[in-house]
There are 2 protein chains.
Amino acid sequence: MTRRLSVLLLPAEIDAVTTDDRVLAVLVDVLRSTSVIPAALAAGAAALIPAAGVEAWARRDAIPGALLGGERDGRLPEGFDLGNSPSEYTPDRVGGRVVVFSSSNGVPALLRLRGAHRVLTAAFVNEGAVGEALLGGSEDVVLVAAGKDRRPALEDVALCGSLTARLLAAASTFVPDDGAEMALAIWNRWMHDVRGLLATSAHGAWLVAQGWSADLEFCAQRDLFGIVPVLESNRIVPLRTT
Amino acid sequence: MTRRLSVLLLPAEIDAVTTDDRVLAVLVDVLRSTSVIPAALAAGAAALIPAAGVEAWARRDAIPGALLGGERDGRLPEGFDLGNSPSEYTPDRVGGRVVVFSSSNGVPALLRLRGAHRVLTAAFVNEGAVGEALLGGSEDVVLVAAGKDRRPALEDVALCGSLTARLLAAASTFVPDDGAEMALAIWNRWMHDVRGLLATSAHGAWLVAQGWSADLEFCAQRDLFGIVPVLESNRIVPLRTT
């Protein structure tokens, strides 16, 4: 029994690929949404509720005690309680709280994957745990690089390549598509220098210019968390391992 | 004076990138449209006229003596005089003739680039000549991988990587974007095995299954032609070198 392993270099490809209940989908938005998500869960957030566009504020206001976090075009929008830096998601701020989470690229792509059997999120900080979770299933796998402003992001595709390498090394049942072959080649170029990868990417260079160098250091850490975030009933929570 | 070097992994990115008169744009559709185009010009075709969708037949009928060539979903549509195999574009068939050329992925993407200062096409069979033409300009460069069915194609991105490598090696003025960095890593993986690259790609495997192995061999040849096809007044003709 083979399992198709597809890497989407851009969310624009979602419409061209099957993402139904025969698929495990993984959203990758390394800088910084899918690095923030496991950090927030590790800090004790009760759940993150993804919300796109203008509905974000209303969602927060409808849930007693909820916080609103994330970004618009990389910046803190008016009325948000938290930005898009993992450093803000401390136990003090988010412990026991619901966080409505909204971002320009990652969240809209995540919501487009809701038809899949399971929707996970991955970044360097938790890729090992996500890889294990993918190996445990029997569905086809679709890894989606969120990119930025409708263009692909080097760091997101590279992480898809790292996950591809893990899956191909662990199981011969996976059949990679062109996107997976490309992601793998990109990962092989950068696998020994994740910090350099993030600094080379356009988004990483922009974050450094904005004074967020510490976030790059954070997001470059591999397997800091054993948490696998999963979207369940429109809430992102840690996957329960059985 | 720096020149931006952008690689678009999919035509979907065209709307997110500037392609105005400050840009040299290059369309890449290795299997097989942009391999056919220089082959047809080398065989003496007077010009190729790109036509998308249903207008292809009418364009042919409006030009006395014109032929209609290309494909729809990789197959020969009814009423076409020539398919999408370079082997069909012989001096006997196309010498001195105008060929209306229509394809599913390459031609629509080509037409979307018309606002650029100059629009060229490239494949392995003529990449050296195209690289030289790009070095001769001062504009920003946008390389567009045509892909297939709204998904990226390994072979198109790899060729963009090969062109990227040529440009970066020849001139330090080029500033690569994330797409160019990715294409470069993919090219580095395959640079010593273009035949294997084409056989690995989904489109290449499909062509082999359809009996078109000889076309893969043809399209894997590097620098067979010194022709640089350029779109001028909606006709694809050889670029005149001054």
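These exercises work through a predicted model with chains A and B.

**Exercise 1. Strand 7 of chain A**

Task: Determine how many residues of strand 7 of chain A are buried, and which strands pair with strand 7.

Solution: 
- Take strand 2 (residues 23-28) of chain A. Strand 2 also pairs with strand 7 in the parallel sense, over 6 bridges. Here A:Val26 stands opposite A:Leu143.

**Exercise 2. Helix 5 of chain A**

Task: List the buried residues of helix 5 of chain A and say what covers them.

Solution: 
- Read off the helix, residues 127-135. A:Glu127, A:Gly128, A:Ala129, A:Val130, A:Gly131 and A:Leu134 are buried.
- Look for the cover. It includes strand 1, strand 2, strand 6 (118-122) and strand 7, together with helix 6 (154-170), of chain A.

**Exercise 3. Aromatic pairs**

Task: Count the aromatic pairs over all chains, then classify A:Trp57 with A:Phe80 and A:Phe218 with A:Phe225.

Solution: 
- The count over all chains is 6 aromatic pairs.
- A:Trp57 and A:Phe80 lie 5.3 Å apart, centre to centre, with 70° between the planes. Planes over 60 degrees apart count as edge-to-face. That is the class of this pair.
- A:Trp57 is in helix 2 (residues 55-62) of chain A, and A:Phe80 is in the loop between strand 4 (67-70) and helix 3 (91-94), so the pair ties together parts that are 23 residues apart in sequence.
- A:Trp57 is partly exposed at 27% relative accessible area. A:Phe80 is buried at 9%.
- For A:Phe218 and A:Phe225, the ring centres are 6.2 Å apart and the planes meet at 50°, so this pair is tilted. A:Phe225 is buried, with a relative accessible area of 16%.

**Exercise 4. A charge over a ring**

Task: Which ring does the charged end of A:Arg32 sit over, and which ring does that of B:Arg32 sit over?

Solution: 
- In chain A, the ring belongs to A:Trp212, with its centre 4.7 Å from the charged end of A:Arg32.
- In chain B, B:Arg32 sits over B:Trp212, 4.7 Å from the ring centre.

**Exercise 5. The two chains**

Task: Find the relation between chain A and chain B and describe their contact.

Solution: 
- Superpose the copies. A rotation of 180° with 0.0 Å of shift along its axis brings chain B onto chain A, at an RMSD of 0.0 Å. This is the relation of a two-fold axis.
- Count the contact. Chain B gives 29 residues and chain A gives 29 residues.
- Compare the surfaces. 100% of chain B's interface residues are also interface residues in chain A, so the copies meet through the same surface.
- Take the area. About 2200 Å² is buried between the chains, with 62% from carbon and sulfur atoms. On the chain B side, B:Arg151, B:Asp178 and B:Met182 lose the most area, together 29% of what that side buries.

**Exercise 6. B:Ala220**

Task: Locate B:Ala220 and decide whether B:Ala220 is buried or exposed.

Solution: 
- B:Ala220 sits in the loop between helix 10 (213-219) and strand 9 (229-232) of chain B.
- The relative accessible area of B:Ala220 is 15%. Buried means under 20%, so B:Ala220 is buried.
- Beyond four places in sequence, B:Ala220 touches B:Val194, B:Arg195 and B:Leu198.

Note on methods: Residues numbered from 1 in each chain as written. Chains lettered and ligands numbered in written order. Predicted model: local features only at pLDDT ≥ 70, side-chain atom pairs only at ≥ 80, totals over all residues. Heavy atoms only, no water. Buried < 20%, exposed > 50% of the residue type's maximum accessible area, 1.4 Å probe, protein only. Helix = DSSP H or I, 4+ residues; strand = E, 2+ residues; numbered from the N terminus. Pairing = 2+ DSSP bridges. Least-squares fit on C-alpha atoms with pLDDT ≥ 70 in both. Contact = heavy atoms within 4.5 Å. Phe/Tyr/Trp six-rings, centres within 6.5 Å; stacked < 30°, edge-to-face > 60°. Lys NZ or Arg CZ within 6 Å of the ring centre and 35° of its normal. Buried area = accessible area lost by both parts, 1.4 Å probe.
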